[in-house]
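Please read these notes with the sequence and the model open side by side. They are set out as numbered points for a colleague's check.

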Amino acid sequence: MKLSQLALGAVLSLGLMAGAAAQTTMRINISTAQNSHQGVGIDTFAREVEKRTNGRYKIQTFYNASLGSERESIEAVQLGTQELTLTSTGPVPNFVPETKILDVPFLFRDKAHARAVLDGPIGQELLTKFDAKGFKALAWAENGFRHMTNSKRDVKAPEDLKGLKMRTMENPVHIAAYKGFGIVTTPMAFAEVFTALQQGTVDGQENPLSVIISANFAQVQKHLSLTGHVYSPCLILMNKAAFEKLSAADKQAFIDSAREAAKANRARVDEDDAKGVADLRAKGMTVIDNVDKSKFVAALAPVNAEFEKQFGKANLEKIRNFK
Ligand code: EAX
């Protein structure tokens, strides 16, 4: 071997060793498109982690449920076959039942109220419930307030929902509540929803404007009602063992990056909420923006009595009255 080859070999292996020591790659995924409130969230997270760890951690981002549905991704993070996911709370009760209370309809007045609860003592306490289940919950993020769409008719009052077949998340609280509205509930993973709407397997679905827009539901749904019937929180979850392997400084870097991600995600939800209705009208949807919310609240009275039993009236009131 020539000296120059030896030297080159030495440089290469040094480079490889340095590279290997320098960088650990982790994966994070979402169900929605890259150009969405969740996409902005995980892109921000990836950028911040790389910046705050000086490139020692690289976060690969996956969109459109390409690594699996929300439920599958939470499972993978719990098992450690995937390090991170950003998910709605939809399927979370199957893993950490304490989060269920947040999925109660008409619990939050507006996004400011929801964000204050999640970032305050109630939300932060809930994040700690994930530790015993194999997760580190890094931060709350959000989808926003959910609204109803369908292909059949304008929904102005709960009577209009009777008999509508609607896709729901795989969430027991939502399913119980929507049955209370008279909806025929069909739980399914998000990735199947567009096709189900297109083929008429279901008449409708409910999601925040950010999701309706980024999933192009206007192509397959004619009627949108701004029911705002439930707030839809999201979480940035990490495998607990992967988190515990980080140095103290890197742990903080991951938490701070998740908080930055949530900030960017929420800002995009605000933007989508501000221009979404005009956007969807331009795409041909009929938008009912003056539903009588009190009627929807009243329709849920029997279900709410159940929720009060299940979650405790005092716990619900504590969230409702949080300032
Ligand atoms: O998290 O399943 C749903 O309707 C969710 O809102 C969606 O996957 C985004």
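1. Basis. This is a predicted model, in which local features need pLDDT of at least 70, side-chain atom pairs count only at pLDDT 80 or more, and totals for chains, interfaces and linings use all residues. Residues are numbered from 1 along each chain as its sequence is written, and side-chain values use heavy atoms, with hydrogens and water left out.

2. Ligand shell. Around the ligand stand Ser31, Thr32, Gln38, Glu70, Ser88, Asn143, Arg146, Arg167, Met169, Phe190 and Asn207; a residue is near a molecule if one of its heavy atoms lies within 4 Å of it. Sorted by class, this shell holds 2 nonpolar, 6 polar and 3 charged residues. In that scheme Ala, Val, Leu, Ile, Met, Phe, Trp, Tyr, Cys and Pro are nonpolar, Asp, Glu, Lys and Arg are charged, and the others, Gly among them, are polar.

3. An N or O atom in the side chain of Arg167 is 2.7 Å from an oxygen atom of the ligand. For Asn143, a polar side-chain atom lies 3.1 Å from a ligand oxygen atom. For Asn207, the distance from a polar side-chain atom to an oxygen atom of the ligand is 2.7 Å. On its own the ligand has 260 Å² of accessible area, and the protein covers 99% of it (Shrake-Rupley method with a 1.4 Å probe; for residues, only the protein chains shown count as cover).

4. Strands E1 and E2. Helices (H or I, at least four residues) and strands (E, at least two) are DSSP runs, numbered from the N terminus. E1 (residues 24–29) pairs with E2 (residues 57–62) in the parallel sense over 6 bridges; two strands pair if DSSP finds at least two bridges between them. Thr24 has Tyr57 in E2 as its bridge partner. From E1 the chain passes through helix H2 (residues 37–52) to E2 in a right-handed β-α-β crossover, that is, with the strands pointing away from the viewer, the path from the first strand over the helix to the second runs clockwise.

5. Thr44 is found in H2 and counts as buried, at 7% relative accessibility. Buried means under 20% relative accessible area, exposed over 50%, and partly exposed in between (1.4 Å probe, protein chains only). A polar atom of the Thr44 side chain lies 2.7 Å from the backbone oxygen of Val40. Asn54 is placed in the loop between H2 and E2. Its phi is positive, near 50°, in a residue other than glycine, and Asn54 is exposed, with a relative accessible area of 68%.

6. Strand E8 and its partners. E8 (residues 223–239) is mostly covered, with 17 of its 17 residues buried. It runs antiparallel to E3, joined by 5 bridges, and Thr87 stands opposite Leu235. E8 is also antiparallel to E4, through 13 bridges, where Trp140 has Leu235 as its bridge partner.

7. Met148 lies in E4 (residues 135–150) and is buried, with a relative accessible area of 3%. Met148 and Leu209 are 61 residues apart in sequence and 9.7 Å apart, C-alpha to C-alpha. Phe106, in the loop between E3 (84–88) and helix H4 (111–119), has a positive phi of about 55° although it is not a glycine. Phe106 is buried, at 18% relative accessible area.

Definitions and conventions:
A polar contact is a pair of N or O atoms within 3.5 Å; within protein, one must be able to donate a hydrogen and the other to accept it, and residues adjacent in sequence count only if both atoms are side-chain atoms.
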